[in-house]
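Welcome! Below is a short tour of a structure and the surroundings of its ligands.

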Amino acid sequence: MKNITKICCIGAGYVGGPTMAVIANKCPHIQVTVVDLNEARIAAWNDVDTDNIPVYEPGLSEVVAEARGRNLFFSTAVDDAIAEADMIFISVNTPTKTYGAGKGMGADLKYIELCARQIARVSMTDKIIVEKSTLPVRTAEAVRDILHNTGKGVKFQVLSNPEFLAEGTAVADLFNPDRVLIGGDSTEEGQEAIQALVDIYNNWIPRERILTTNVWSSELSKLVANAFLAQRISSINSISELCEKTEADVNEVARAIGTDSRIGSKFLKASVGFGGSCFQKDILNLVYISRSFGLQEVADYWEQVIIMNDHQKKRFALNMIKSLYNTISGKKIAFLGWAFKKDTNDTRESAAIYVADELLNEQARIRVYDPKVNSDQIFGDLNYLQTRKPEENASNVKVFEDPYRACENAHAIAILTEWDEFKDYDWQRIYDSMLKPAKVFDGRNLLDADKLRKIGFKVQSIGTTS
Ligand code: NAD
Ligand code: UGA
């Protein structure tokens with residue numbers, strides 16, 4: 001069987017960067033080269049100060065510092081890295097399509113196809129191709145089709161190896177995953193390729209946690225895992241609304257049901273709505289695939305998870321408006337948090353963006369503080385929606401580097417991300433600097449509402465009236 005000594009990963013993003021850094025860290029005998037077309041991103045991965053790498057993840061800069069220059073390299077020389085590698089991971093983005101058939105639902109696979117064509121063009125030796133990106137079931141068929149028709153006699157095996165890391169805990173998840181999933185062909189060559197990838201992970205992950213399946217089960221399992229996780233959040237969020245009407249407390253309900261070992265306690269935290277680059281995109285993709293097979297009921301079932309999530313984000317914004325006497329025109333609202341969850345600088349599909357958009361429609365003035373997200377990103381997120389002109393966003397939104405200044409003279413504070421540091425702020429100082437009645441809308445049920453009420457705040461949390 002082929003001994004893997006050189007790996008190339010196409011795509012130096014939130015998945016390609018951390019996964020390859022960990023493989024390089026755990027397999028010093030393998031040379032890992034991560035390539036990307038984005039020169040600025042590669043330059044940031046190569047920054048002498050590893051605190052400036054483009055992905056913020058606890059522990060990541062240390063892992064990169066140890067392996068970079070030894071057996072971990074970041075480069076824009078995509079062709080060279082492909083040509084040299086025994087194994088190529090494809091870890092490029094697979095966003096929801098914004099045009100043509102499947103617009104707003106299906107995955108845009110143009111970047112995947114470009115990678116396959118580039119690999120086909122450049123390769124002169126046999127290679128194992130690993131789908132790391134999240135893909136619609138049966139994508140490997142198209143990848144194979146492109147690779148098997150080069151006419152150069154080069155042999156390719158295509159594996160599916162979806163990634164299950166969560167942002168904010170990427171390094172811990174990669175060091176100690178619940179499982180690694182590898183899908184491949186049942187042929188002898190297919191099984192050999194699976195074994196080559198198993199051997200890499202087996203350097204630090206026990207064999208029993210490495211699951212092997214056929215390619216289609218592996219591709220589909222990734223979409224299904226995300227759909228099940230997101231479905232739990234939409235389920236508890238739907239109950240949060242019922243709690244607010246009935247004086248039940250969603251935190252107590254989550255604890256009560258979560259102690260049933262068949263249900264389990266994780267992913268039952270009610271919130272302003274889930275964000276992140278993948279849950280929505282992957283469920284929309286699942287819905288699209290189901291519809292394309294004529295499975296209307298299946299499609300409608302999963303689509304409801306997204307409908308519920310959109311409702312939760314909108315409901316949060318409308319509750320704020322109602323509670324601020326149905327008029328927020330000109331009122332200052334401080335946002336604590338912009339990232340889609342704590343411990344990441346990623347803002348893709350963050351609930352904060354949509355809540356801000358609703359409030360800006362009502363002519364509010366938004367003041368944002370996030371410990372890891374800069375103002376370019378925040379304005380970029382709002383402008384991307386194209387709800388209003390960039391100049392209007394620029395004049396109605398202000399980004400602060402100091403949370404206390406963001407809250408000064410505000411009518412209300414909204415907690416959009418569950419950053420730990422928010423809990424330790426001097427809330428008396430914040431209260432004293434705000435207009436009264438000073439309101440807090442806690443979209444993460446993060447703060448101690450009783451403590452805040454004793455200071456004088458009017459507090460509204462998700463799914464609880466107490
Ligand atoms: P990302 O946008 O952060 O990174 C993708 C990178 O690929 C970009 O830097 C882009 O420039 C590069 N790229 C695109 N086409 C290229 C090409 N032809 N050649 C070279 N570089 C190219 O995306 P991400 O968050 O890392 O996600 C990548 C994939 O992993 C997606 O399919 C996603 O669904 C999946 N995934 C993401 C996460 C996550 O937590 N972000 C977790 C599991 C799976
Ligand atoms: C999620 C999955 O957890 C990963 O397994 C998967 O690899 C990844 O998607 C992916 O495919 O991209 P991620 O989106 O990074 O990871 O983060 P999560 O921890 O899943 O959180 C997603 C969103 O749900 C966040 O906005 C978070 O605040 C929210 N959430 C999570 C809740 O509102 N309540 C919860 O109980 C849990």
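Ala, Val, Leu, Ile, Met, Phe, Trp, Tyr, Cys and Pro count here as nonpolar, Asp, Glu, Lys and Arg as charged, and the others, Gly among them, as polar. By that scheme, the shell around ligand 2 holds 11 nonpolar, 6 polar and 4 charged residues. This is a predicted model, in which local features need pLDDT of at least 70, side-chain atom pairs count only at pLDDT 80 or more, and totals for chains, interfaces and linings use all residues. Residues are numbered from 1 along each chain as its sequence is written, while chains are lettered from A and ligands numbered from 1 in the order in which they are written.

**Around ligand 2**
- The shell has 21 residues, with K269, S271, F274, G276 and C278 the closest; a residue is near a molecule if its C-beta atom, placed from the backbone, lies within 6 Å of it.
- Helix 9 (residues 215-246) gives the largest share of this shell, 3 residues; helices are DSSP runs of H or I, at least four residues, numbered from the N terminus.

**Residue C278**
- UniProt lists C278 under "active site" in an unreviewed entry, and such annotations may be inferred rather than shown by experiment.
- You will find C278 in the loop between helix 10 (250-258) and helix 11 (279-292).
- C278 counts as buried because 24 other C-beta atoms lie within 10 Å, and the cut-off is 20 or more.
- Leaving out residues up to four places away in sequence, C278 touches T134 and N226; contact means C-beta atoms, placed from the backbone, within 7 Å.

**Around ligand 1**
- Among the 27 residues around ligand 1, G11, G13, Y14, S133 and T134 come nearest.
- Helix 5 (residues 110-122) supplies the largest share of that shell, 3 residues.
- The shell around ligand 1 comprises 13 nonpolar, 10 polar and 4 charged residues.

Definitions and conventions
Helix = DSSP H or I, 4+ residues; strand = E, 2+ residues; numbered from the N terminus. Buried ≥ 20, exposed ≤ 12 C-beta atoms within 10 Å, placed from the backbone. Contact = placed C-beta atoms within 7 Å.
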